[in-house]
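Hi,

Here is the structure I promised to pass on.

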Amino acid sequence: MVYGKCTIEFEHEFLLLHFRHPTQHHAVAILTLERTCAENTTGSSRSAGQAVIVSPSVSPITPKDTITPTTSSSFTIDSYITQEFGPHKYLFELDFPASARPSAMQVSILLCVLSKHSPMYELLQYQCYWYAYTVWEALKKLFPEHVERPLNEGRSRFKGQPIKKAESVNTVCEQYRAEWARFEEAMGERRRAKEEEERRVSCSFSFWDWLGCLLICFGR
């Protein structure tokens, strides 16, 4: 994972997620992850988020939590990030060993938990800084076997000043654990139902095979 930050205008923060195939290590999928405002009639979702900073709304705004696939080429990905986000820098890198890295399903459930935890965009609590920070810190807490490398300063800061945001990491981790337990239980029930169905089919075929052999024997 890579923690990114725009270096102009409102210093939007985002994440890059690298998913590596479990056996084909050369196969890598790279996704960008960010929170903005829902697109309005005046422009893009990101410019809408900037407008919120300029003129904060009293009422919360619908967020737009976005996951965007990119190419795995390092040259192309940097060009894409520059085209999509403008001038930027990377603040941190986070690596997990193959034996302890989160799966795509685990990350997906965590992101669903975040969206449920904060269904509205709020400038002083649940903005892009909160989203990137909470995903990053929650994954570190949930998967403690990791290596974090700082690259640059400036996380959760605007023009050098710290930005207020909700502290949700512990709560989100608890909600994730409960949701993951429900997911595993549902998968276990489906697996047991499938095994039972396969067992019934096997027994049924065994019975008819036996009956067929019996009829053949007596027919002789």
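**Asn152 and its surroundings**

The side chain of Asn152 comes to 2.9 Å from the backbone oxygen of Tyr90, a polar contact (a pair of N or O atoms within 3.5 Å; within protein, one must be able to donate a hydrogen and the other to accept it, and residues adjacent in sequence count only if both atoms are side-chain atoms). Before going further: this is a predicted model, in which local features need pLDDT of at least 70 and side-chain atom pairs count only at pLDDT 80 or more, while totals for chains, interfaces and linings use all residues. Residues are numbered from 1 along each chain as its sequence is written, and side-chain values use heavy atoms, with hydrogens and water left out.

Asn152 sits in the loop between β6 and β7 (157–158); helices (H or I, at least four residues) and strands (E, at least two) are DSSP runs numbered from the N terminus. Setting aside neighbours within four places in sequence, Asn152 is in contact (heavy atoms within 4.5 Å) with Lys89, Tyr90 and Leu91. Leu91 is 61 residues away in sequence, yet the two C-alpha atoms are 4.5 Å apart. With a relative accessible area of 37%, Asn152 is partly exposed (buried is under 20%, exposed over 50%, partly exposed in between; 1.4 Å probe, protein chains only).

**The sheet**

An open sheet of 6 strands runs β4-β3-β2-β1-β5-β6, with antiparallel pairing (two strands pair if DSSP finds at least two bridges between them). Its edge strands are β4 (63–70) and β6 (147–150), each pairing on one side only. Strand β5 (88–95) is joined to β6 by 4 bridges, and the two run antiparallel. Within β6, Pro150 stands opposite Phe92.

**Helices on the sheet**

Helix α4 (128–142) packs on the sheet and touches β1 (2–6), β2, β3, β4, β5 and β6; its direction makes about 35 degrees with that of β2 (axes are lines fitted to C-alpha atoms, for helices over the stretch in contact, and angles run from 0 to 180 degrees between N-to-C directions). Of the 15 residues in α4, 14 are buried. Helix α3 (104–117) lies across β2 (13–20), β3 (28–37) and β4, at about 155 degrees to β2.

**The whole protein**

In total there are 5 helices and 8 strands, and buried residues make up 35% of the 220 residues. Among contacts between residues at least 6 apart in sequence, 74% join residues at least 24 apart.

Best wishes
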